[in-house]
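Hello,

Here is the structure I promised to pass on. Have a look at it first, and then read my notes below.

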Amino acid sequence: MTFSCDIYSVHLRLILVSGKTQDFTFSPNDSATDIAKHVFDNWPAGWEEERVSSPSILRLIFQGRFLHGNVTLGALKLPPGRTTVMHLVARETLPEPNSHGQRNREKTTESNCCLLL
């Protein structure tokens, strides 16, 4: 999991809903589930008010999308040696991976036109 800071490490700055941030370092092979467990096990002292009861409810958001548990940092093609910002939220369940896209496609098939004569 977290290891020495070298050019192959992935640096994450995690932001809570409260706006508090903390930097962590991971391997490109670490998954969203690995990250949630590591953060839970090493909960920052400044985040005590936001502590959760289980790592299973910690969710990462990257570029507006929830990361599902098995997605690795390497799969996201994050630049090693640079800091990437992600949001960390407590949420019991996740939307299905393509539910947002499906909802958008459904909306595009609707017509909101009106014809005035």
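I'll start with a tryptophan: W43 counts as buried, at 8% relative accessibility, where buried means under 20% relative accessible area (1.4 Å probe, protein chains only). W47 is buried too, at 2%.

Before I go on, this is a predicted model, so local features need pLDDT of at least 70 and side-chain atom pairs count only at pLDDT 80 or more, while totals for chains, interfaces and linings use all residues. Residues are numbered from 1 along each chain as its sequence is written, and side-chain values use heavy atoms, with hydrogens and water left out.

There are three aromatic pairs, meaning Phe, Tyr or Trp rings (for Trp, the six-membered one) with centres within 6.5 Å. W43 and W47 make an edge-to-face pair (planes over 60 degrees apart), with 5.3 Å centre to centre and 75° between the planes. Ring pairs also link F24, F26, W43 and W47 into a cluster.

Leaving aside residues up to four places away in sequence, V39 is in contact (heavy atoms within 4.5 Å) with L14, F24, F26, W47 and L88.

Best wishes

Conventions. Rings of Phe, Tyr and Trp (its six-membered ring) pair if their centres lie within 6.5 Å; planes under 30 degrees apart count as stacked, over 60 as edge-to-face and the rest as tilted. Buried means under 20% relative accessible area, exposed over 50%, partly exposed in between (1.4 Å probe, protein chains only).
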